[in-house]
Amino acid sequence: MSKTDTAPLEPKKLALVTGASRGLGCAMAESLAASGWHVMAVARTVGGLEELDDRIQAAGGTATLAPLDVTDENQMKHLADSIAARWGGLQLWVHAAIHAAPLAPAGHIAGKDMTKSVATNLTATATLIPLIEPLLRAGNGAAMFFDDIHAGEKFFGSYGATKAAQMALVRSWQAENVKIGPQVLIDTPAPMPTATRARFFPSEDRAPLADPRAEAARIVALL
C-alpha cells in the first residue's frame, strides 16, 4: 500500500472502498473524499487508482492506495492487518468489487467465467466480511453493498447467480447484526453508464442513464 497524502489522518473518518478504480466504486471514493473522509482505495488496476488519487487530491481530499486483488485471501488479510495497525478501526466499508462475466445461455456458460464470478462476487465477499467486521466494530462503522436486479434473467447465469448469492450472504450478515452491529446497508443504484453495464448492454442509449457521481452523492448523503 502506498500513502499518497501528507496531512494528518487521525481526525478524519476512514472509508475502505473495495473496487475503487472504476464505476460506482470510483465515484463513491471521490464523493467520500470530497465529504471529508480519508479513503482507502482498493483495486487491482494501479493506473485507475492513480487517476482516482489525482482527482481526489485536486479536489482537496486524501486517499491511501492499495493495489490489491480482493480474490487473494492473503492480500486481504494483509489489508485488514494494516488498517488495524495504523488506524485501529474503520468507519465505513463500501464493497463495489464485481466481476461481470459475458452474457451466455445457462447451457453454454464457460467454466472459467463461472469460476471467476464465484471467486470475485461470492468468495471474496465471504472472505472479507470476517476480516472487516472487527474493524467496523472497533470504529463504530457501517458496511455498504449494492444490489442488482438481474438474477434469474435470461443469459445472466454467471453474474446473476453469483450476485444473488453475494446478496443472500450480505442479508444474513445484516440480520445477524441488527442488535450488535456493525450496521449493514444495502442500496440498489439506478442504471449507470459503467463498464459493467456496457458489457451487458453494449448498444443501448447511454444518455438516459444516471451519472455515477450523482448516484454516489445520493448514497453518501444517506450515510
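Predicted model: local features only at pLDDT ≥ 70, side-chain atom pairs only at ≥ 80, totals over all residues.

Q: How is the packing of two helices described?
A: Two packed helices are described by the angle between their axes and by the distance between those axes. Take helix 4 (111-138) and helix 5 (157-176). Helix 4 and helix 5 pack at about 15°, and their axes are 8 Å apart. Angles under 35 degrees count as roughly parallel, so helix 4 is roughly parallel to helix 5.

Q: Which residues of helix 4 and helix 5 make the contact?
A: From helix 4, the contributors include D113, M114, S117, V118, N121 and L122. From helix 5, they include G157, S158, Y159, T162, K163 and W173. By class, the residues of this contact are eleven nonpolar, seven polar and three charged. The crossing of helix 4 and helix 5 is right-handed.

Q: What is the angle between helix 1 and helix 2?
A: Helix 1 and helix 2 (residues 46-58) cross at roughly 25°, and their axes come within 9 Å. Helix 1 is therefore roughly parallel to helix 2. The crossing of helix 1 and helix 2 is right-handed. On the helix 1 side the contact uses C26, A29, E30 and A33, which meet L52, R55 and I56 of helix 2. The contact of helix 1 with helix 2 has five nonpolar and two charged residues, and no polar ones.

Q: Is helix 1 roughly parallel or oblique to helix 7?
A: Helix 1 (residues 23-34) and helix 7 (residues 212-222) pack at about 55°, with axes 8 Å apart. That angle makes helix 1 oblique to helix 7. The crossing of helix 1 and helix 7 is right-handed.

Q: How many residues line the largest pocket, and which lie nearest its centre?
A: The lining of the largest pocket comprises 43 residues, and A96, A97, I98, H99 and T196 lie nearest the centre. The volume of the largest pocket is about 1,100 Å³. By class, the lining has 20 nonpolar, 14 polar and nine charged residues.

Q: Which element gives the most to the lining of the largest pocket?
A: Helix 6 gives the most, with five residues. Helix 1, strand 3 (38-43), helix 4, helix 5 and helix 6 (195-200) each supply at least two residues of this lining.

Q: What is the volume of the second largest pocket?
A: The second largest pocket has a volume of about 190 Å³. Its lining has 15 residues, with Q91, N140, G141, A142 and Q183 nearest the centre. Helix 4 and strand 7 (183-187) are the elements that give two or more residues to this lining. Eight residues of the lining are nonpolar, five polar and two charged.

Q: What is to be looked for in the backbone?
A: Most residues other than glycine have a negative phi, and most peptide bonds are trans. N140 has a positive phi, near 50°. N140 sits in the loop between helix 4 and strand 6 (142-146), and is one of the residues nearest the centre of the second largest pocket.

Q: Is the peptide bond from G181 to P182 cis or trans?
A: The bond from G181 to P182 is cis, with omega near 5°. P182 belongs to the loop between helix 5 and strand 7.

Definitions and conventions. Residues numbered from 1 in each chain as written. Heavy atoms only, no water. Axes fitted to C-alpha atoms, helices over the stretch in contact; angles between N-to-C directions. Helix = DSSP H or I, 4+ residues; strand = E, 2+ residues; numbered from the N terminus. Parallel < 35°, antiparallel > 145°, perpendicular 65-115°, else oblique. Left-handed = near helix turned anticlockwise from the far one by under 90°. 1 Å grid on protein atoms, 1.4 Å probe; cavity = no way out; pocket = protein on both sides within 12 Å on 5 of 7 lines; lining within 4 Å. Points joined across faces, edges and corners; volume = space filled by probe spheres on them. Nonpolar A, V, L, I, M, F, W, Y, C, P; charged D, E, K, R; others polar. Contact = heavy atoms within 4.5 Å.
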